[in-house]
Amino acid sequence: MAKLIMLSLCFLAIFSSANAAISVVNLGAKSDGQTDSTSAFLKAWTTVCNSAHPATMYVPKGTFLVKTAVFSGPCKSKVSVLIAGTIVAPSNYQIIGQTGFWILFIKINGLSIHGGTIDAKGAGFWACRTTGSNCPSGSRSFTIMASSNVLLSGLTSINSQLIHVEINGCTNVMVRNIKVSALTQSLNTDGIHVEQSTGVTIINCAIKTGDDCISIGPGTRNLWIQRIACGPGHGISIGSLGNKATEDGVQNVTVTSAVFTETMNGVRIKSWAKQSTGFARDIIFRNIVMKNVSNPIVIDQTYCPSGNNCPTKSYGVKISPVTYLNIKGTSSQQIAVNFDCSSTNPCSGIRMKNIDITYHNGATTSSCSNAGGTSSGVMIPASCL
Ligand SMILES: *[C@@H]1O[C@H](CO)[C@@H](O)[C@H](O)[C@H]1NC(C)=O
Ligand SMILES: *[C@@H]1O[C@H](CO)[C@@H](O)[C@H](O)[C@H]1NC(C)=O
């Protein structure tokens, strides 16, 4: 009897979940990579979002062409998106390049997205930006905005025009097993960008790109980053901060178990030399391996990437405290630790312990300006705090 009940419960569960899965193909999407499937995707979304019970939007195997698409809530219940196939943007970069985003999920409480490959076909856009005439402003590939209780798992993003994956204005987000890949020469193709969000966890991601592997913008709180393979790329960066006079700070960020391979930077905090209410507080970088990284440990408070009309006032956001613990490996330059802090707002509470970074099997050096704190344990390079 009990067995029978179990069996029928099980059957019911399968039946109802199958019932609630809406395949984009049933609504007219074509897996040929050519037919515009945008409206089929949006129809499927509307159905799952309006379902009174948890429902799943399903993207089967195959290649689906999708233009700019907004999947917006609020939804009536929890929603899932299961992607077995590949979603591609049109090869004409103008088509998705005008709006700032390509695939956007917005205002959803209780969203889980699994699997899939998305290819924004950004190469034409990158080429336009380097040769430089009449290029659109470009788009992020995959954005989750103003949402809470989100799981994003197993997504692969390739060839984004700009940022691959952005979490903005969200609470309680788990991002795991994400792969990102773009060419080293592709400008501003950050792997994962977090901004104005609280309680984001990023675990087990492999990121190869032309800009920061992970970038952390203003208003980020309680961010946990673990087991990241970064490179090529520009490292994991907090910032740039302090670009606006009134700006939210970054607080309580932990980066642990990361490997940087041949990256431009390892762990970096960057801010403009402007007056700002922004700050970076309670930051921990620990258990990190550097493999031939150009600037393994950096604080740069005169960030100004264009090199033109750079702010000359040396204000900069307040940075304190920051911990660097168990960081080892190799640097491709002799200076392995570079703290270039603001003279009017010096960095304080920097704690370094067990740092062992070599250069051509020899010693590295460190450089400090306006940086205060303590060091202990192994210190290669010798501390300049
Ligand atoms: C800091 O963030 C972590 C998650 O990364 C969280 O578990 C912890 O409670 C936060 N600490 C404070 C004081 O908010
Ligand atoms: C380290 O990287 C530099 C470029 O930054 C490269 O020229 C050099 O060959 C690399 N060294 C090793 C040992 O891989």
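**Cavities, ligands and backbone geometry in a predicted model**

The count of cavities of 30 Å³ or more comes to 2. The coordinates belong to a predicted model.

Q: What pLDDT does the protein chain average?
A: In this predicted model, 95% of the residues score at least 70. Residues 1–19 stay under 50, and over that stretch the model has 0 contacts beyond four places in sequence. The average for the protein chain is a pLDDT of 94.

Q: Which strand supplies the largest share of the lining of the largest cavity?
A: The largest cavity has a volume of about 80 Å³ and a lining of 13 residues. Nearest its centre lie Phe71, Ile83, Ile87, Ile103 and Phe105. At least two lining residues each come from S3 (55–59), S5 (69–72), S6 (79–88) and S7 (101–106). The largest share, 3 residues, belongs to S6.

Q: How many residues line the largest pocket?
A: The largest pocket holds about 850 Å³ of space. Strands S12 (165–168), S15 (192–195), S19 (236–241) and S21 (265–271) each give at least two residues to its lining. Asn188, Asp190, His193, Gly239 and Ser240 are the lining residues nearest the centre of the pocket. The lining of the largest pocket numbers 31 residues.

Q: Where is asparagine 188, and what is its phi?
A: Asn188 is among the residues nearest the centre of the largest pocket. Most residues other than glycine have a negative phi. Asparagine 188 lies in the loop between S14 (179–181) and S15, and its phi is positive, at about 60°.

Q: Which loop contains lysine 107?
A: Lysine 107 is not a glycine, yet its phi is positive, at about 60°. Strand S7, which gives at least two residues to the lining of the largest cavity, is on one side of the loop that holds lysine 107. That loop is the one between S7 and S8 (109–119).

Q: What percentage of the area that ligand 1 exposes when taken alone does the protein bury?
A: The residues around ligand 1 are Asn222, Leu223, Trp224 and Asn252, and strand S18 (residues 221–230) supplies 3 residues, the largest share of this shell. An oxygen atom of ligand 1 is 2.4 Å from an N or O atom in the side chain of asparagine 252. Taken alone, ligand 1 exposes 370 Å², of which the protein buries 37%.

Q: Which residue has a polar side-chain atom 2.3 Å from an oxygen atom of ligand 2?
A: Around ligand 2 stand Glu262, Asn292 and Ser332. The protein buries 28% of the 360 Å² that ligand 2 exposes when taken alone. The polar side-chain atom 2.3 Å from an oxygen atom of ligand 2 belongs to asparagine 292.

Q: What is omega for the peptide bond from glycine 231 to proline 232?
A: Most peptide bonds are trans. Proline 232 is in the loop between S18 and S19; S18 gives the largest share of the shell around ligand 1, and S19 gives at least two residues to the lining of the largest pocket. The bond from glycine 231 to proline 232 is cis, with omega near 0°.

Q: Where is proline 321 found?
A: The peptide bond that runs from serine 320 to proline 321 is cis, and its omega is near -20°. Proline 321 is found in the loop between S24 (318–319) and S25 (322–331).

Definitions and conventions
Residues are numbered from 1 along each chain as its sequence is written. Chains are lettered from A and ligands numbered from 1 in the order in which they are written. Side-chain values use heavy atoms; hydrogens and water are left out. pLDDT is the predictor's confidence in each residue, from 0 to 100. Contact means heavy atoms within 4.5 Å. A residue is near a molecule or strand if one of its heavy atoms lies within 4 Å of it. A polar contact is a pair of N or O atoms within 3.5 Å; within protein, one must be able to donate a hydrogen and the other to accept it, and residues adjacent in sequence count only if both atoms are side-chain atoms. Accessible areas come from the Shrake-Rupley method with a 1.4 Å probe; for residues, only the protein chains shown count as cover. On a 1 Å grid over the protein atoms alone, a cavity is a set of points where a 1.4 Å probe fits but cannot get out, and a pocket is an open set with protein on both sides within 12 Å along at least five of seven lines; lining residues have an atom within 4 Å of a point. Grid points are joined across faces, edges and corners, and a volume is the space filled by probe spheres set on the points. Helices (H or I, at least four residues) and strands (E, at least two) are DSSP runs, numbered from the N terminus.
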